[in-house]
Amino acid sequence: MAKRDTAGKALVIVESPAKAKTINKYLGSDFVVKASMGHVRDLPQRELGIDVSDDFKPTYEVVPGRTKVVGELKKIAAKASHVYLATDRDREGEAIAWHLIEALNLPAGKVKRVVFNEITKTAITEAFANAHEIDIDRVNAQQARRILDRIVGYELSPLLWEKIAKGLSAGRVQSVAARLIVEREIEIREFVPVEGWKIAGYFAGDPSATSSLADPWRKFREGERTQKDIRKWLSDQGCFRTELVELRGKSFDAADAEAASAVAQALGYRVERVQRSPHEEYKHLKLENAVLVGEFDPQAAPSAVVSELKTKRTITRPSAPFTTASLQQQASTALRFSASRTMRVAQGLYEGIDLSGDGPVGLITYMRTDSTNLAREAVAAARGFVQQSFGDRYLPEKPNVYGKRQARTQEAHEAIRPTDPSRTPESMRKALSNEQYRLYELIWKRFIACQMAPAQWDSTSLSVSCETKLGPARFATSGRKLVFDGFLKVAGLSSEDPILPALQQGKPVGTLDIEPRQHFTPPPPRFTEASLVKELESAGIGRPSTYAAIIDTIQKRGYVEQVDRKFHATALGELVTEKLVQHFPKIMDLKFTSYMEDELDKIEESHLDWVHVLHEFYDPFKELLEQAGEAMQAERGQPSEYKCPDCDAELLYRWSKTGRFLGCSKYPDCKTTRNVNRAGEPIEPTVSEHMCELCDKPMVVRRSRTGPFLGCSGYPDCRHTIACDETGEPLRLVTEDELKRPCDACGEGTMTVKRKGRRSFLGCDGYPKCKNTTPLPSDVRLKSKPEPPPEPAGLDCDKCGRPMVIRTGSRGKFIACPGFPKCRNAKPFEKLEELKAAAAAKGNGKKSKGGDGGDSPKAAAKARKALPAADPKNDPPPPGYAWTRTGRPVVETMPSSEGDLHCPECGQEMVLRRGRFGPFFSCTGFPRCKFVSNLRGEAKKQAEELMPAPARPKPEPTDIPCEECGKPMWIRQSRRGKFLGCSGYPKCKSTQELPAGVAGQ
């Protein structure tokens, strides 16, 4: 296809190709839309890139991989009439636009900045009609943030390498976020629960029905029942549940089983015994679980009446439309999406989806915002949709308005919402993937609901009183009944409030059951992604656009991990946080971090000098860094209760960038290591019953960040792995055809296996009309497709002599040696013809010693030796040899006479020799031919008899004590002469030079 002429047209630059494609359909033929693929310039990857002595002057360079993009944009910009920078509207988007101006050398009069909150025709037209200049204050605010983060990362991380382990890193914001989780972990560990008791009372609205309900209630409670099941059963039978709240006019508070037992018996519960057992979680505090074993006796129960009954009308107002933080929280809770997944899917909805084959359409507004404001046009559209779809009753008289959620609201000026309310989730179902549909539905429902009338309830508070031998007792509960669903018509009813039966004040009720139960005050809850985002937002740590990156970073660094969707601090995270808090208290302080975010805001909003802000941070930081370099104690190893299985020395807790492990205290003499679990206990590898398919060694159950797998016990020589379940059983091997099934979204297409990079998933073959996708079943592994043989390149490897082949990688075709990984020779595909011509010229001009144009024997032997190992199953072994499992020749039967065994490489005779590790056959053509062959079986036994090992001198005892263990040293003999070695070998491997005058010299 011929290239489109761009001369004289206006160039529009956006970040992503998807966004470019969507915008392109709204602009006329006078515009050319191109993508910068994100950032085009940044600080250098492998150096600080900031001159702190010259007011933090940064050095920017083109991002690796963007050189071609920058070159193409330069050519088009040179011919363009105008250049419009349509990057995102936040600070980072402003900075990308500024970097584009610098990288492309764009003249000021030729460049305009355009911003929009949604990718629709109206918004795009308005944005280009109101093009403006770059906001340099926003650029400086982003530069200051980037420089601050680079300084902390590049100057603080090496200190952690020196004091703890290589490869660790620290960040200005991420380390503070990790501190939140670490401190919560310490709170939970140090928490001391307090015992308490509650007594529940179950009552029937009709006292006469109590006796008939007793047996069904008892049978119902025998099984495992959820609170939802109990509420439903009680509601269906006209019963309700209450809590004892008052006794003798005072709040009920039983601190132990004895006090609770006395009250329960006064209410009609017959206690037979108190059953106690250790509290597993708090064994170290000697706490016990207690159960009052017994049953309710209706005859002993005091009569009960409804002493108070109040009903009033209450309302529930709809929630505000989504901000970035609230969207991440709700998606985590309702959809189980991680913050990064939520932002990735939202980005796709914002940049555009092809709905009908007419080009992509932006479905939601910009998804990085902390504002709940809505444009007038959006509110009018939502109210119109509500009125048309649900009627006037569901439409409030005036639009619902929501105030600021945070004092510092910036980034954007409108909440996340659909661009067109009439695009209902169901109408979009076939055009969206499963995750896109679920997130769009969440956003659409929240937006429509926020402009609907409140829900109305009849809320009832109820008290039931009775006279006991201990004095008057009062039970209480509450419930509510939905009168008008209002916004819940769209948002959905999530309330599980109990529904109370028809009751009258002063009327008796029947006591169905009394249930005493122990409880302990709970520790602070661990953070989930939703609660962590909420905490980061309320503490002012980071910005909405950074929350996903913060959470991902602290997990990748190994400082925290998720277990059952809750964050746990790792031992490494606790150690790093402890060191940073101790030596950098200001930087790790939450208030100071929030203060720095405010200062960055002031650079943008109040024209604050960004260099001054950097000095305010860096000057005290530099002093602390110098002090910490001397004062911070290095963590070389912490004692443990475990012994080394190889030398019986103490195992120490040591650290690496992947976390904590156990290492022998005798290192480097003993290099034994053991992985540990979260509690610090050593993990012993589990050997499975399955054997490696490649080398026939046992497979071992191992674990990675993605889950368990079987790895060959011959690692690192054999790297074969198999996906398995938690028990070590390999997952079922299936073909792609076995996984095909009808699409559950469109009902027309077929779900087939698709691949993206190394990831495999199921996708509808009706794409792009249907974009439904789903992960592969968790209990299967996919059978690999046989790869076609590589195409010969037509020249030999200049390193090992193998014939080169043409392969295809992520960046296209290249020439490679088939001997990988032993030979890693590779050449650019573009140089194929040049290399072939050079090889042909070299071949035509060379002369061999034999005069026939062939290779010399030495070169021929070298080429044969470099060939890949033979296939033991299909290739016959050379005469007199057998194959090893790896396809190498080995002597299994001794030759009947000398001269019967020949070298398979050069044809000369083989001779039996002895080395350090025993007899072996060697080619007589040595050193020109260096072929050797090991022996096994009967041949090895016979060779040992023919060439026995020389007698080793016995060690001579001395009176010299070992400097490490105190045992006597012995005179030993090695190839290099005599020396002193500990008699406790191999547990003690201490050696010394033989002193002058000692016997044996």
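Biologist: What percentage of the contacts in the protein chain with a separation of 6 or more comes from residues 24 or more positions apart? After that, please go through the largest nonpolar core.

Modeller: This is a predicted model. Among contacts in the protein chain with a separation of 6 or more, 60% join residues 24 or more positions apart. The protein chain contains 23 helices and 48 strands. Its radius of gyration is 38 Å, well over the 30 Å that the globule rule gives for 1001 residues, so the chain is more spread out than a compact globule. The C-alpha trace spans about 115 × 90 × 65 Å along its principal axes.

Of the 1001 residues, 45% are buried. The largest nonpolar core has 90 residues, and those touching the most other members are Val-12, Phe-116, Ile-364, Leu-439 and Ile-448. Helix H14, residues 434-449, supplies the largest share of this core, with nine residues.

Val-12 can be followed in detail. Leaving aside residues up to four places away in sequence, Val-12 touches Leu-27, Phe-31, Val-32, Val-33 and Lys-34, and also Tyr-84, Ala-86 and Phe-128.

The chain carries 153 positive and 133 negative side chains, with the centres of the two sets 4 Å apart.

Definitions and conventions. Residues are numbered from 1 along each chain as its sequence is written. This is a predicted model: local features need pLDDT of at least 70, side-chain atom pairs count only at pLDDT 80 or more; totals for chains, interfaces and linings use all residues. Side-chain values use heavy atoms; hydrogens and water are left out. Helices (H or I, at least four residues) and strands (E, at least two) are DSSP runs, numbered from the N terminus. The radius of gyration is taken over C-alpha atoms; the globule rule is 2.2 Å times the number of residues to the power 0.38. Buried means under 20% relative accessible area, exposed over 50%, partly exposed in between (1.4 Å probe, protein chains only). Contact means heavy atoms within 4.5 Å. Lys and Arg count as positive and Asp and Glu as negative; His and the chain ends are not counted. The place of a charge is taken as NZ of Lys, CZ of Arg, CG of Asp or CD of Glu. A nonpolar core is a set of buried Ala, Val, Leu, Ile, Met, Phe, Trp, Tyr and Cys residues joined through side-chain atoms within 4.5 Å.
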